[in-house]
Structures are given as C-alpha cells and as structure tokens.
Amino acid sequence: AAGVNLCTEPFWVSLLRVAYKRAVRSIRSKTHLPVQDGCMLMGVPDPVAILGVNEISIRFTRRHSETVEVITGPVLIYRNPCLYPGDLRVVNAVDRPELDYLINVVVLSVDKSGHSLASECSG
C-alpha cells in the first residue's frame, strides 16, 4: 500500500475505532476492571533486542495531533481476543531511544530463545 497512510485513511481509522470500542467494552464486561483511558495497538517484536523480560515500549500519537506521547510504568496488556483472565499481563513500559522510530505500535520484548511476550497470551 505505497503512499497510503493508515493513520489518516478514514475507512481504516473507522474500523480501528469500532474494534477498539468493542474490545474495551468486552474486556470491561468480562473482567469488571475500570478502563478509563486505553488504546488498541498492533504488537511488533523488538527489532534491536533492547527490551528486557516483561518490558514493552509504547509511543503513539492521538487522533488529530502530531505530538508523540510516551507511556512509561506499569501497564495492562492483552492479546485480542482476551478469552481468560490469565491472558492479561501487567508489564513495564519503558522509553528506549533506540525504538523512537516505532510509533503507534506496542514493541514487545523477545527473550533469547525467541519467545515473544505476545506468545504468553492466547488470542
């Protein structure tokens, strides 16, 4: 899809918005956890193997904004669909300058054996 920016393409954005709302509504009803501020991101493996075990990197832009925001500290992640409470993971979000170019994705740690954090969650 050369020349297509998925962050601004209206149809793609509307699909993601619907999927996000449905996923948040579903997880709120299944786990009864108050989710006030969340987002849905695609996960990618750490390309430079800089993240430690149970570490992720999240850099994103809000709709209608060019400002890149960085999340740090403990976060709750899951892989869609989240079928069991054990699929939820509390991990530590960190800011690594080597991963600054990866925006609007969640960068997942990969251990030395090649297992990703995503493989620990069903989905």
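Is Asp95 buried or partly exposed, and what is its relative accessible area? Asp95 is partly exposed, at 39% relative accessible area, where buried means under 20%, exposed over 50% and partly exposed in between (1.4 Å probe, protein chains only). Before the close-ups, please note that this is a predicted model, in which local features need pLDDT of at least 70 and side-chain atom pairs count only at pLDDT 80 or more, while totals for chains, interfaces and linings use all residues. Residues are numbered from 1 along each chain as its sequence is written, and side-chain values use heavy atoms, with hydrogens and water left out.

View 1. A salt bridge here is a side-chain nitrogen of Lys or Arg within 4 Å of a carboxyl oxygen of Asp or Glu. Between Arg59 and Asp95, the closest N and O atoms are 3.3 Å apart. Arg59 belongs to strand S2 and Asp95 to the loop between S5 and S6, so this pair ties together parts 36 residues apart in sequence. Helices (H or I, at least four residues) and strands (E, at least two) are DSSP runs, numbered from the N terminus. Asp100 also forms a salt bridge with Arg59, again with closest N and O atoms 3.3 Å apart. Since Asp100 sits in the loop between S5 and S6 and Arg59 in strand S2, the pair ties together parts that are 41 residues apart in sequence. Arg59 counts as buried because its relative accessibility is 12%, whereas Asp100 is partly exposed at 34%.

**View 2. Arg96 and Glu55 form a salt bridge.** Their closest N and O atoms are 3.1 Å apart. The pair links distant parts of the chain, with Arg96 in the loop between S5 and strand S6 (105–108) and Glu55 in strand S2, 41 residues apart. Arg96 is partly exposed at 24% relative accessibility, while Glu55 is buried at 15%. A search of the whole structure finds four salt bridges.

**View 3. Asp46 is buried yet has no salt bridge.** Look for Asp46 in the loop between strand S1 (42–45) and strand S2 (55–61). The nearest side chain of opposite charge, Arg96, is 7.4 Å away; Lys and Arg count as positive and Asp and Glu as negative, with His and the chain ends not counted. The side chain of Asp46 does reach the backbone nitrogen of Ile50, at 2.6 Å. Leaving aside neighbours within four places in sequence, Asp46 is in contact (heavy atoms within 4.5 Å) with residues including Leu51, Leu99 and Val107.

**View 4. Cys82 lies in the loop between strand S4 (73–77) and strand S5 (89–93).** Cys82 counts as buried, because its relative accessibility is 12%. Not counting residues up to four places away in sequence, Cys82 touches Lys30, Asp87 and Leu88. The C-alpha atoms of Cys82 and Ala23 are separated by 8.7 Å, although these residues are 59 apart along the chain.

**View 5. Val4, Leu6, Phe11, Trp12, Leu15, Leu16 and Met42 make a nonpolar surface patch of about 660 Å².** Helix H1 (residues 10–31) gives the largest share of the patch, four residues. Leu16 is found in helix H1 and is partly exposed at 36% relative accessibility. Patches are made of residues with over 30% relative accessible area and no salt bridge, joining like charges within 9 Å and nonpolar side chains (Val, Leu, Ile, Met, Phe, Trp, Tyr) within 5 Å. Accessible areas come from the Shrake-Rupley method with a 1.4 Å probe; for residues, only the protein chains shown count as cover.

Definitions and conventions: Polar contact = N/O pair within 3.5 Å; in protein donor to acceptor, adjacent residues only side chain to side chain.
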